[in-house]
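Hi,

Here is the structure I promised to pass on. Have a look at it first, and then read on for my notes.

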Amino acid sequence: MATVIDGKAVAQTIRSEIADEVRRLSEKYGKVPGLAVVIVGNRKDSQSYVAMKRKACCDLGIKSFDIDLTEQVSQVDIIKQVHELNANPDVHGILVQLPLPKHINEEQVLTEISLEKDVDGFHPLNIGKLAMKGREPLFLPCTPKACLELLSRSGISIKGKKAVVVGRSNIVGLPASLLLLKADATVTIVHSHTSDPESIIRQADIVIAAAGQPKMIKGSWIKPGAAVIDVGTNAIDDPSKKSGYRLVGDVDFEEVSKVAGWITPVPGGVGPMTVTMLLKNTLEGAKRTLEQNS
Ligand SMILES: Nc1nc(=O)c2c([nH]1)NC[C@@H]1CN(c3ccc(C(=O)N[C@@H](CCC(=O)O)C(=O)O)cc3)C=[N+]21
């Protein structure tokens with residue numbers, strides 16, 4: 001049986017470390033870190049993620065700035081908002097919740113975020129630096145950073161290991177692959193056009209599942225003892241729940257937990273750590289700025 005990595009517990013430990021540092025900053029500079037969260041439209045999933053982020057900020061003493069824009073907002077007006085946040089000295093991190101409505105050019109919006117405040121790590125220049133040897137982005141993207149943090153806090157080393165990332169999205173699969181490569185893994189990316197994905201995944205010491213396909217990865221696909229990190233958060237109908245749905249990962253937990261050495265659950269695995277890494281990035285951004293200005 002696999003060791004189940006308790007992301008919620010690890011997240012809690014790191015959050016109390018962050019809260020301590022926030023107190024220290026506030027004593028030293030009389031200022032607390034500030035995170036601006038921009039949300040456009042009223043997608044239910046986005047609203048619930050954003051609510052979690054705002055609550056987590058509040059719990060840790062990070063000031064949260066809430067920008068709620070209507071679905072119909074123009075490209076120009078979103079960018080105007082971003083520019084205002086760039087100029088606001090109390091804001092150390094800016095997050096624009098994705099996905100944006102179809103009429104908005106996502107790349108252009110993300111490019112306008114000041115590099116020093118890009119706590120999501122989605123600015124093309126930060127991603128470019130992540131891709132290059134010997135260079136470091138100012139911020140690492142939260143979900144990939146969460147995956148690596150869960151591995152390291154579970155005592156799993158990456159150097160020289162075979163890692164397979166399932167999925168190649170801009171926000172998870174691709175940056176997770178780059179981060180594993182930087183950590184000296186041998187990395188393979190499996191995606192929708194890969195032939196025979198099972199046989200590739202079966203060679204992996206470390207699997208990061210970020211395909212957005214509920215329970216796609218089966219027990220027979222996993223090398224015994226492998227570490228399996230499940231990034232999927234798929235809502236599937238469940239009439240027995242008050243909400244009418246429940247969350248399942250990209251991994252078939254019941255099967256894979258019998259074969260793997262380590263596994264992260266959904267919920268309670270990568271999700272809470274993603275939010276925590278956002279808070280950590282915000283703290284680091286604030287520290288950098290406050291130290292520079294003092
Ligand atoms: N600019 C931007 N940055 C993001 O980081 C970003 C985004 N856009 N768009 C959407 C995705 C998704 N995402 C999650 C965050 C927390 C949980 C999380 O904490 N999940 C809980 C479950 C929460 C529940 O029960 O609903 C868990 O897995 O235990 C999940 C998913 C961040 N994203």
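Domain bounds here come from an automatic or database domain assignment. For the protein chain, that assignment gives domain 1 (30–114) and domain 2 (142–271). Their C-alpha centres lie 28 Å apart. Both domain 1 and domain 2 give residues to the shell around the ligand, so the ligand lies between them.

Before the details, two notes on the source. This is a predicted model, in which local features need pLDDT of at least 70 and side-chain atom pairs count only at pLDDT 80 or more, while totals for chains, interfaces and linings use all residues. Residues are numbered from 1 along each chain as its sequence is written.

Now the ligand. A residue is near it if its C-beta atom, placed from the backbone, lies within 6 Å. There are 18 residues around the ligand, and L98, P267, G268, G271 and T274 come nearest. By class, the shell holds eleven nonpolar residues, six polar and one charged (Ala, Val, Leu, Ile, Met, Phe, Trp, Tyr, Cys and Pro count as nonpolar, Asp, Glu, Lys and Arg as charged, and the others, Gly among them, as polar). At least two shell residues come from each of α2 (44–60), β4 (93–96) and α10 (270–293), with α10 giving the largest share, four residues. Helices (H or I, at least four residues) and strands (E, at least two) are DSSP runs, numbered from the N terminus.

P99 is in the loop between β4 and α4 (106–112), and P267 in the loop between β11 (262–263) and α10. Most peptide bonds are trans.

How do α2 and α10 pack? Their axes come within 10 Å and cross at roughly 55° (axes are lines fitted to C-alpha atoms, for helices over the stretch in contact, and angles run from 0 to 180 degrees between N-to-C directions). The two helices are therefore oblique to each other (angles under 35 degrees count as roughly parallel, over 145 as roughly antiparallel, 65 to 115 as roughly perpendicular and the rest as oblique). M52, K53, A56, C57 and L60 in α2 meet V275, L278 and L279 in α10, contact being C-beta atoms, placed from the backbone, within 7 Å. That contact has seven nonpolar residues, no polar and one charged.

Best wishes

Conventions:
Contact = placed C-beta atoms within 7 Å.
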